[in-house]
Amino acid sequence: MDMAVIELSRLQFALTALYHFLFVPLTLGLSFMLVIMESIYVMTGRPIWRTVTRFWSKLFGINFVLGVATGLTMEFEFGTNWSYFSHYVGDIFGAPLAIEGLMAFFLEATFVGLMFFGWDKLSKRQHLFTTFMVALGSNLSALWILVANGWMQHPVGSRFNPDTMRMEVTDFMAVLFNPVAQAKFVHTVSAGYVTASVFILGVSSWYLLKGKWVAVAKRSFTVAAAFGLASSLSVVVLGDESGYALTDNQKMKLASLEAMWHTEPAPAGIAIFGIPSLEGRDTRYEIKIPYVLGLISTRSLTGQVEGITELVAKAQGRIENGIQAYDAVEKLKANPTDMVAREQFERHKLDLGYAMLLKRYVADPRKATPDQVVQAAWSTVPNVPVMFWVFRVMAGLGFFFIGFFVLAFYFSTVRRFDARWFLRAAVWIIPLPWLAAEFGWVLAEIGRQPWAIEGVLPTFLGASSLTVGQLWTTIIGFTLLYGALAVIEVRLMLATIRKGPLEHGDEPSDAAASGQGYAPLPAE
Amino acid sequence: MVPPIDYETLRLIWWGLMGILLIAFALTDGFDLGVAALLPFVAKTDAERRMVINSIGATWEGNQVWFILGGGAIFAAWPFVYAVSFSGFYLAMFLVLAALILRPVGFKYRSKKPDAAWRSRWDWALFVGGLVPALVFGVAVGNVLTGIPFRLDGDLRAFYEGSLLGLFHPFSLLAGLLSVAMLVLHGASWLAIKIERGAVHDRARRFGQIAAILSVLLFAVGGVIVARGGMGFRIQGVVASTGPSNPHLTAMIAAPGAWMDNYALHPWTLLAPVLGFAGPLIALAGIRTGREVLAFGGSSMGTLGIIATVGLSMFPFILPSSIDPASSLTVWNASSSHLTLFVMLLVTLIFLPIVLLYTAWAYRVLFGRVTLKEVGTNPDFY
């Protein structure tokens, strides 16, 4: 296989997925915040809340279309670029994607049209229901895509079928209630809620600093502060730490993001600084807080967190075992009725994927040398320095947001909207939740390497048989298209924010004089 | 767990469901594509263009989900087909995606600035977003009928030996043009029922009549080529309809003329081409006599008939291979496992009716013609 094709396929997937996820978190969070704002409008009947809702829904709309547009790419990219992956696990992996379309995309896409076009065609309650359906639909889509992703991290409820040469489902409930998927879902949607809260808080603070749209800004600030506090707590406390003890790969992920090269006596300490080195397989200048890692990841004082070297030794055993399974599959390919081979397969089938790691070094894993086995075992270690730092940035931001929202909540509770240093800070930190969310994905997916599906299919085997030229064509094409759309999107967002909650046909003076508490508009 | 419905029946049901999803996509988002392709030609002024855009503005997004669901359902029920077709049509698929990505952005961003140059650029983006997918989908179907140049190795990994330009040959271009004509007719019929009568309405009806005639002609020529031009594949020996999904276990050959087998074997299947011809003619009559609901019904019927004709001619083949017929994908060798097909059927039976219910509600709320006056007054319009 051509490693350039594989690296380019990974690059394209990373680019398109990370780009798609620039729009998703805001959709997830903003949709629910629109529900909150509109509920207040329906309950109190005060027109100012209608203005608040309609204003943020304009920004929601600009962001939402790009989420939809770039999501199209994601739905088909498994087939276009990861064709062997699609064949190999489509029996399991395709189901959540189809259910996502049926249950979530239809809901959000059908109701989003009514949400924007239905203000004068629906009653207040019907419109609120519509907004709620949009929020429900987008959050459900996160559930299903994370069921799919969670299965890649922890492939439960399935087995390899030698007759069809692919993985097939044995237990749908296990796939659906996969603990890794559940933890990821809560963590991801909470991150979306934090993103939207920071966004609304930041934009509102900018209005407060400028003295524009003060009534809208104060109300939005208050909603965002409360919603943000709850979700920033949830994103950290219910982070996906809980899944890290489950499988060898998840353990490896934990060991590598901690750059823990050797198992330590329980409970292990957590490093807050260090310079991990791949060559030396050690971490220099490490500063550790004792006990914390053991406590967080095993929820006990005695649970051990395994180190990288020990996990590599385990992987080596599984590779040797996997070669037996691979041998059996090859025999069954030649003669499906070979009962001895079938029995051999049953004994070793759980390690079949590990034998495939050898295909990077040798075409037939059965002919691998002991050196190649060791090499393949070490290939199960993801990029430790990247993991180490990406995790620290993400987790650090997570804790920062809690502090930030505690302050915001305090200010909104005592009705102090004039702490200019805080308002300025709130504007400046708007990009940070996006950074944290993107780093979260980098951590999850780099941490899964070398696997496309943990223990089942190595990433380098999953790609389509494409050419380097085809891949560069689409990478450049997507980059140009997405780049242009990003520039347009940001400009429209900024223009809409600058214009404020002014409605089409509203006279600025009317709005100012309408007694709804608007501050006078500066002439533009 | 052993599903209570047998494997063969489930495969048949999912073959049918795949067809239903593709037809539903063509019937709903098909008119959005047609309307977008007609946009620069039927509407001249900004107000006219906004009227056309807003005739689909609130519903195109839900309609597009049929396409996404089509992709997802093929992934879940026919993983082989998903894997082979989308990687095989790699650059063509990129063209479609790029064009479809322009569409949501075009709808939403066009109205954000009053600048005429800005709006004109988005109008052409919408045109591309309508025309290119319509054309490429047809070209792809043309290639599926003649066979795709792929082969499967011992591990069932697909290798593709074609190129983007290789997809465009006379027959596939004909199929592409038929697809454009069919969807433009459908788009014109939609405009006929959805916008107020006047200049734009008249232009849409004129384009609709041309598209209806072209649909009938191209469908007839295509049919003759399929019948006489020696296309087709056949399964040899016993058909293992409940066997494992592994193409290497069935023998398949290229058999010129085989795409006509099913019509001789099951004459009721002739109903599909009959609808394919009758639909556009009924639409034409509807447009000419000003009975717009009849026109839309006719174009819907034609779309259904034309797509069903392709599926029924090829059954049980889904993706035949032109360079290695033994690698061809059929209803019997390319599906998901028995259990997955069954569970996904349950999910579909529960959720599809709900989807249809709220989609119908949305169309009811938005019922009525879009008028130029409304374009000037409604603050929520694009």
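This is a predicted model: local features need pLDDT of at least 70, side-chain atom pairs count only at pLDDT 80 or more; totals for chains, interfaces and linings use all residues.
# Notebook: chains A and B

I began with chain B, whose secondary structure comes to 13 helices and six strands. Its radius of gyration is 21 Å, close to the 21 Å that the globule rule gives for 382 residues, so I noted chain B as being as compact as a globular protein of that length.

Of the 382 residues in chain B, 57% are buried. Taking the contacts in chain B with a separation of 6 or more, I found that 78% of them are accounted for by residues 24 or more positions apart.

**The nonpolar core.** Next I turned to the largest nonpolar core, which has 299 residues, and I listed those with the most contacts inside it: A:Met33, A:Ala98, A:Ile319, A:Leu457, B:Val52, B:Val81 and B:Val184. Helix α3 of chain A, residues 83-117, gives the most to this core, with 23 residues. I followed up B:Val52 from that list and, setting aside residues up to four places away in sequence, found that it touches B:Val35, B:Leu39, B:Val42, B:Ala43, B:Leu191, B:Ile195 and B:Val200.

**Where the chains meet.** I looked up the contacts between the chains and found 62 residues of chain A in contact with 62 residues of chain B. On the side of chain A that touches chain B, at least two residues each come from α2 (47-81), α3, β2 and α18 (468-499). The largest share of that side, 24 residues, comes from α3(A). Sorted by class, the side of chain A that touches chain B has 32 nonpolar, 22 polar and eight charged residues.

**One glycine in α3(A).** I picked A:Gly94, which lies in helix α3 of chain A. A:Gly94 has 28 other C-beta atoms within 10 Å and is therefore buried. Apart from its neighbours within four places in sequence, A:Gly94 is in contact with B:Gly72, B:Phe75, B:Ala76, B:Pro79 and B:Tyr82. I also checked A:Pro501, 407 residues away along the chain, and found its C-alpha atom separated from that of A:Gly94 by 42 Å.

**Two helices of chain A.** For helix α6(A), residues 179-210, I compared the span with the rule of 1.5 Å a residue: its 32 residues should span 46 Å, and its end C-alpha atoms are 47 Å apart, which agrees. I found α6(A) mostly covered, with 26 of its 32 residues buried, and it is followed by A:Gly211, whose phi is positive, near 70 degrees.

I made the same check on helix α16(A), residues 432-448, whose 17 residues should span 24 Å, in agreement with end C-alpha atoms that are 24 Å apart. The buried residues of α16(A) include A:Pro433, A:Leu443, A:Glu445 and A:Arg448. Looking for their partners, I found that the buried residues of α16(A) pack against α1 (3-44), α4 (124-153), α6, α8 (248-257), α14 (384-413) and β5 (451-453) of chain A.

**A hairpin in chain A.** Last, I looked at strands β1 (residues 158-161) and β2 (residues 166-169) of chain A, which run antiparallel and are joined by four bridges. In this pairing A:Ser158 stands opposite A:Val169 of β2(A). The two strands form a hairpin with four residues between them, and A:Met165 in the turn has a positive phi of about 60 degrees.

Notes:
Residues are numbered from 1 along each chain as its sequence is written. Chains are lettered from A and ligands numbered from 1 in the order in which they are written. Two strands pair if DSSP finds at least two bridges between them. A nonpolar core is a set of buried Ala, Val, Leu, Ile, Met, Phe, Trp, Tyr and Cys residues joined through C-beta atoms within 7 Å. A residue is buried if 20 or more other C-beta atoms lie within 10 Å of its own, exposed if 12 or fewer, and partly exposed in between; C-beta atoms are placed from the backbone. Two residues are in contact if their C-beta atoms, placed from the backbone, lie within 7 Å. Ala, Val, Leu, Ile, Met, Phe, Trp, Tyr, Cys and Pro count as nonpolar, Asp, Glu, Lys and Arg as charged, and the others, Gly among them, as polar. The expected span of a helix is 1.5 Å times one less than its number of residues. The radius of gyration is taken over C-alpha atoms; the globule rule is 2.2 Å times the number of residues to the power 0.38.
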